[in-house]
Structure formats: C-alpha cells, structure tokens
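Subject: Structure handover and findings

Hello,

Here is the structure we talked about handing over. Please open it alongside this note.

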Amino acid sequence: MSELEDLTTLVRAATPLLVIETVDEQRVIECFRHVIAQALRPLWRWTLTDGLTRLDFSAPGAEVANDVNSTLEAIRAAPERGIYLLFDFDGLLGYAMSQRQLREIVQRQRSAAHTLVLVGAKVTLPEELEALALRVPLSLPDLKELAAILRGEALAWQREHGRRLEVDNDAARTLVRNLVGLSAPDARRIVRKLIYNDGALNAQDLPELMQSKFDLLNRSGLLHYEYATASFADVAGVAKLRDWVARRRAVFLAATPDPVLDPPKGVLLLGVQGCGKSLAAKAIAGGFGVPLVRLDFGALYDKYQGETEKNLREALASTELLAPCVLWIDEIEKGLAGGGEDGGVSRRVLGYLLTWMAERKAKVFVVATANAVQELPAELLRKGRFDEIFFVDLPRAEVRAAIFAMHLKRRQLDPAGFDLPALAAAGEGFSGAEIEQAIVSALYDAAGNGAPPDQSAVLAALKATHPLSVLMREQVDALRAWAQGRCVAAD
Ligand SMILES: Nc1ncnc2c1ncn2[C@@H]1O[C@H](COP(=O)(O)OP(=O)(O)OP(=O)(O)O)[C@@H](O)[C@H]1O
Ligand SMILES: [Mg+2]
C-alpha cells in the first residue's frame, strides 16, 4: 500500500505534525503499527478517557494525567522521539497555553523530534498551527479489504449460529463493489446488518445496501434517493429517448472502458410543462438499471447560505461514490438563475457544475430537466456539455391516445370502452399531466353520480379544462421555435 510508504517516509523525515481526518481510528492505529515496523519508534495513543497509552509493547501506562497540558508536557519531556496519535485532541486546544505548548513541540524547542498525529472526524486548528500541519488523506479500503470485511462478518455469523450462511457469490461480489467509498467501520456495519436481517447474502440485499450507503454519504442533505425509478413503458411518446438510452446501456455499465466509445455523460430534457420530463428522468434510471439520486438545487441556496459551493462539491462527490447512478437535476434553471443579484454565487455554482460535468470520471449519468430555455445560461447549452438535448413536446394525437389508455387503465377503467382517437382529438394541445387530470376529474364527477365515467364524462372534463398551451401560447410557441434545429425530439 503506497499510503503506508508515504506515512513511513513522513515519519522518517521527522515531520512534526500530521492531521488525519477519519472516523476510522482502528485503521489509523493499524497503519502506524506498520509504520513502526519500518521506522522503529515508540507508538503512543492519547484519548480523553484513557490518556496516554503505549501501543507498541505493553508497558505500564504512563503516569500522566489525562488533561491536555499534562499530556503535552509529558510528550515534550519524553527523551526518545516517538509517534503520538492524539484522538479528538484539536477540540481541546482552546487555550493559548496549550496551543503554545503544542507549537513548541512541533518547532522542537527543548523537545525531541516527535511526530504528533491529530486524528478526528473533522480536525480544525488555529491558523498558526494549521500552517505547521500536514494533512494526510487516509485512503478508504479497497476491494480486497472490503471483501475481507465481508468474509469476516460471514464467518462471525456462522460461528454464532452454528450453520452456514447462504451466500450468492455473484451477489456478494456486486455488494463488495458497491461498498467502495465507505470507511471500514461503515462497511462492516452495513454488511453485518445485511447478513443478520435474514441469514443470507444475495441480490435482494443490494437495494438496502445502496440506501444505507446513500444515507451515510448524503451529509449535505441536498441529495434525495428516489426509491421509485420508472420504466419507459410508463411514459408515452419518448421512443427516441428510450432507444438512445438502450443503445448506450452496455457501454455505460461496462466494467472495463470501451476502447472506442466514451461512456454517456448526460442529457438535458427540455420541454413543455407536464409532458413527462420528470417521468422520463426516472425512466432513464430504470432503463440503465441503476439507482436514481436527485439533487435539490433549490435547497442549495435556501438552507446553507454561504456554504453553497462547499455543499454542492460534497453532494457531487457523494454521487461519484454511488456510481453507477443517475443524477437527476430537476428544473435546473431554478438553481442557476441568479441574475447576478446573489454576489456571483450562482455563476460560481454554474462554473463548478460545468467543470465537474466535463471532468468527472465516475459513471454518474446526469439528467437535467428544464422548461424555460431563456433562463438557462448559454454555457450549459453549448455543444459537448450534454451528450444530447432532447425536446419533450406536447404529445401528438397518437401519443395522446396512448396516454389516455395508460391512465384509464391505471384507474381501473377499461380503455376498450372508450373511443381513444376521439378523446385524443378532443385533447389537442393538452399535456400528459392535463390528460391525466381530466380523467381524475371525470372520476370524481362520476363518483357523485354513482356510475363509472364514460366517454362523455371524460370529454366533458376535457372541455372544462383550459390547457396551459392555450393559456401560455406565446411561451410554448417560443420554446418550440427555439428547440427547432437545436434539440432532438424525444418522440
Ligand atoms: N408522456 C407521458 N406519458 C404518460 N404520462 C404522462 C406523460 N406526460 C405526463 N404524464 C403524467 O403527468 C404527470 C406529470 O408529468 P411530469 O411531472 O413528468 O411532467 P414534467 O414535464 O416534469 O412537468 P414540469 O415541467 O411541470 O415539471 C406524470 O407523473 C404522468 O402521470
Ligand atoms: Mg418535472
């Protein structure tokens, strides 16, 4: 592991202050046990509860009080240069006295050349100390280590239950692959839960694993895990989009990169309100057969004033750990239309998003939806950002008939009892959402009459509706005109 070599080199070079941000204390200790096998040094650990304990051989505990000042004094006075792993120590460095003491050790004033390692989930230091510290990222366990964790937990279960654990080997490999990105304790906790649920490890455990992993990674709270993806069978009139996705599925999911074809990166779905963009986004995840994660772009600004960019960065980084997945940015124009009144935040957000989209290597397929093109920044629409911009238009007659049939059936009405072409003709200019609404309102009216709705009831409901395409004719026409020649029709 090159990380160990790095740590060993740092210790040999007598680097005075290291910072490691992790919750995986055990892993830090293991790493340094390897380090001292190469670079012989006494290894100490400090925690608030145990104080200083020597780890490299069992010697009686140091006769030092647990408090920060006594601890630092003891370290400074230690004649032999040592490695000190100080867990959750930074939070206790509030006083000038302790900061000073630490700085003196680090600067080797009347002190041997120790290496101090501050470890914690998040280590924050006063500026002067930060300048002296070297932050080392601790890598996460790799596939081999994760597989070992899974084996270990399986064996533990078998010992406890006195029988074999049912393991589907293919599923186990997939599970291990999907643990990548988690720390060892998190991975272990999840695997244990999956095993103890039902005494088996199989493909049915995958959704729960993804959910647990998602919960751990979604620290910013900006991502939503969408349990229900859809199938293209649920969306009428997007045949071209469906075929586009189907043709790219194999390359997107391939374990090894295709020598010729770049994996697909994402699409923008532009279109008239209520025509099925959101539904199509879910169907894309269903079509690829991967989890769907929605980024709440609106909340990016509301909830975390001042932290906007940091949260976006964290959220996007989390999606990479969930890959392969679809990242859905619904109504992207709402998150980007700052208009220069927000101190440039939305410009920086756009800049970060564009860079991330261009440079990410992980298999995160972006589906952005929008229904107002004039609010979209030109940079986002430029060729090459998205693989394709699809236009989801108002449904044509045939598609309307299919939407009627779909939604009648969904509400337990037999489409054979209706004249679908006549309904489609009467629904000229209606969106899918409006057609669905007309059926729902016919159902309510009919419930009052005590009979299921028939053709005339649905026609009456259509007649009573003023579709958006009429109310907002100019906007809809402008959008369609813009899309001409710039977008690919989804239908
Ligand atoms: N093409 C379609 N096929 C089947 N159902 C549709 C279609 N279009 C719309 N619907 C119905 O209307 C509902 C709303 O559609 P959806 O939310 O996907 O539209 P949208 O284009 O995302 O609208 P908005 O721009 O308002 O977000 C869907 O859940 C579905 O029930
Ligand atoms: Mg929508």
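Below are the conventions, then the findings by region.

This is a predicted model, in which local features need pLDDT of at least 70, side-chain atom pairs count only at pLDDT 80 or more, and totals for chains, interfaces and linings use all residues. Residues are numbered from 1 along each chain as its sequence is written, while chains are lettered from A and ligands numbered from 1 in the order in which they are written.

**Domains**

The chain splits into domain 1 (2–135), domain 2 (143–217), domain 3 (232–392) and domain 4 (397–471). These bounds come from an automatic or database domain assignment. Between the C-alpha centres of domain 3 and domain 4 there are 32 Å. Their contact takes 7 residues from domain 3 and 10 residues from domain 4. Two residues are in contact here if their C-beta atoms, placed from the backbone, lie within 7 Å. The side of domain 3 that touches domain 4 has 3 nonpolar, 4 polar and no charged residues. For these classes, Ala, Val, Leu, Ile, Met, Phe, Trp, Tyr, Cys and Pro count as nonpolar, Asp, Glu, Lys and Arg as charged, and the others, Gly among them, as polar.

**Ligand 1**

Domain 3 and domain 4 both give residues to the shell around ligand 1, so the ligand lies between them. There are 18 residues around ligand 1, and Gly-276, Lys-277, Ser-278, Gly-432 and Ala-433 come nearest. A residue is near a molecule or strand if its C-beta atom, placed from the backbone, lies within 6 Å of it. By class, the shell has 8 nonpolar, 8 polar and 2 charged residues. Helices α11 (277–288), α17 (397–410) and α19 (432–449) each supply at least two shell residues. Helices (H or I, at least four residues) and strands (E, at least two) are DSSP runs, numbered from the N terminus.

**Helix pairs**

The axes of α17 and α19 come within 10 Å and cross at roughly 45 degrees. Axes are lines fitted to C-alpha atoms, for helices over the stretch in contact, and angles run from 0 to 180 degrees between N-to-C directions. α17 and α19 are therefore oblique to each other. Angles under 35 degrees count as roughly parallel, over 145 as roughly antiparallel, 65 to 115 as roughly perpendicular and the rest as oblique. On the α17 side, Arg-400, Ile-403, Phe-404, His-407 and Leu-408 meet Gly-432, Ile-435, Glu-436 and Ile-439 of α19. That contact has 5 nonpolar, 2 polar and 2 charged residues.

Helix α8 (residues 184–198) and helix α9 (residues 206–217) have axes that come within 10 Å and cross at roughly 150 degrees. α8 and α9 are therefore roughly antiparallel. Asp-186, Ile-190 and Leu-194 of α8 make the contact with Glu-208, Leu-209, Ser-212, Lys-213 and Leu-216 of α9. The classes are 4 nonpolar, 1 polar and 3 charged.

Helix α3 (residues 68–77) packs on α4 at an angle of about 15 degrees, with their axes 10 Å apart. That makes α3 roughly parallel to α4. Their contact has 6 nonpolar, 3 polar and 3 charged residues.

**Backbone points**

The peptide bond from Ala-323 to Pro-324 is cis, with omega near 0 degrees. Pro-324 sits in the loop between α13 (308–321) and β12 (325–329). Arg-108 is not glycine, but has a positive phi, near 60 degrees. Arg-108 lies in the loop between α4 (96–106) and β5 (115–120).

Best wishes
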